[in-house]
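My notebook is open and the viewer is loaded. I'll jot things down in the order I look them up.

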Amino acid sequence: MDANYTAKDIAKMIDHSLLNPVMTVKDITEGCQLAREYDVATVCVKPSELSLAVTELSGSGVLPTTVIGFPHGSNKTSVKVFEAQEAIADGARELDMVLNIGRLLSGDYEYVENDIRAVVEAAHAKGVIVKVILENCFLTDDQKRAACGICEEAGADFVKTSTGYGTGGATIEDLVLMRGACSHKVRVKAAGGVRTLDKALEVRAVGTDRFGATATKAIMDEALKREAAQR
C-alpha cells in the first residue's frame, strides 16, 4: 500500500453497500456490525432498513445512508423529494439519488436539473449531503459530461458512476472524465467493481473520494495487512 495512505484513510472512502434486494434483517444487522468493526464512512441500506441501520450504527463514526429513486431514477420528482424527507426523518445522513436516466437520454436537461435540485434543497435544508448516480453504462461520454455539469449546477455534493445494478460499473476512464467535468466543489464516487485494495487505490489515485463496496472485509483486511508489514 502507498505509504501516504493508512488503512483508516481507505476505510473512510468506503460506503459499505447493503442494497441487494434479497438481504434479510440478519444480513443488514451483520453488515452494520462489519462496518462498525472497520469504521468505514457509511453504510448504504435499502430505505425500508434505514431505521434498523440507524440503531445498529448508533454511537459509531459510521453514517447511515440510503438511496432515492433507486435503481432507475424514474420516480416523479415529488416522490423523490418525499423519499428524501422520509429518509432524513428516519436518520439518513447522506442520500444517493438516481437522476432521471430517460430524461437525460432525451436531452431534457432542464427536467434532470430541476429533479436533482429539488432533492438537494430538501436534503441541504437538514444538513444532509446528496450523491447523484449517473448510471454511466447507458451514457455517451458527452452525456456523462453534461450530467456532471447538471449535477454541479443543481448543487449536488457528489457525482457517482453507477447503481451497481446496471450493465456496468465504475471504470477508471469514467472516473477521470467525471473528475475533469466537475469543479472540486463536487466530489466523485465510484460504484460497481471496486472489490480489491489495489482497485481502491487505483480509483483513489484518479481523484475519487468514495467508493461503494460489498467486499469491504477483503479490502480492509488487505489494507491492515499491508499497513502492518510497512511498520
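**Salt bridges**

I started with Asp-198, which forms a salt bridge with Arg-226, the closest N and O atoms lying 2.9 Å apart. Asp-198 sits in helix H9 (residues 197-205) and Arg-226 in helix H10 (residues 216-230), so the pair ties together parts that are 28 residues apart in sequence. My cut-off for a salt bridge is a side-chain nitrogen of Lys or Arg within 4 Å of a carboxyl oxygen of Asp or Glu. Helices (H or I, at least four residues) and strands (E, at least two) are DSSP runs, numbered from the N terminus.

Before going on, a note on what I'm looking at. This is a predicted model, with local features needing pLDDT of at least 70 and side-chain atom pairs counting only at pLDDT 80 or more, while totals for chains, interfaces and linings use all residues. Residues are numbered from 1 along each chain as its sequence is written, and side-chain values use heavy atoms, with hydrogens and water left out.

Next I checked accessibility for that pair. Asp-198 is partly exposed at 45% relative accessible area, and Arg-226 is partly exposed at 21%. Here buried means under 20% relative accessible area, exposed over 50%, and partly exposed in between (1.4 Å probe, protein chains only).

How many salt bridges does the structure hold? I get 21.

Another one pairs Glu-227 with Arg-231, at 3.4 Å from N to O. Glu-227 is buried, at 17% relative accessible area, whereas Arg-231 is exposed, at 76%. I also found a network: salt bridges that share partners join Asp-15, Glu-94, Asp-96, Lys-131, Lys-160, Lys-189 and Arg-210.

Most residues other than glycine have a negative phi, and most peptide bonds are trans.

Which other residue did I flag as a non-glycine with a positive phi of about 55°? Glu-135. I placed Glu-135 in the loop between strand S5 (129-133) and helix H7 (141-154). Glu-135 is buried, with a relative accessible area of 2%.

I then looked at the peptide bond joining Phe-70 and Pro-71, which is cis, with omega about 0°. Pro-71 lies in the loop between S3 and H4.

Which residues of helix H3 (residues 50-57) are buried? I listed Leu-50, Ala-53 and Leu-57. They cover an arc of only 60° around the axis, which puts them on the same side of H3; the arc is that of the directions from the helix axis to the C-beta atoms. The buried residues of H3 pack against H2, S2, strand S3 (63-68) and helix H4 (77-90). After H3 comes Gly-59, with a positive phi near 85°.

In helix H6 (residues 109-124) I picked Ala-122. Ala-122 is buried, at 15% relative accessible area. Leaving out residues up to four places away in sequence, Ala-122 touches Val-81, Gln-85 and Ile-88; contact means heavy atoms within 4.5 Å.

**Largest pocket**

On a 1 Å grid over the protein atoms alone, a pocket is an open set of points where a 1.4 Å probe fits, with protein on both sides within 12 Å along at least five of seven lines, and lining residues have an atom within 4 Å of a point.

I noted 24 lining residues, with Ser-17, Thr-163, Gly-164, Gly-192 and Thr-214 nearest the centre. Strands S1 (14-18) and S8 (210-213) each supply at least two lining residues, and S1 gives the most, with three. The lining divides into eight nonpolar, eleven polar and five charged residues. Ala, Val, Leu, Ile, Met, Phe, Trp, Tyr, Cys and Pro count as nonpolar, Asp, Glu, Lys and Arg as charged, and the others, Gly among them, as polar.
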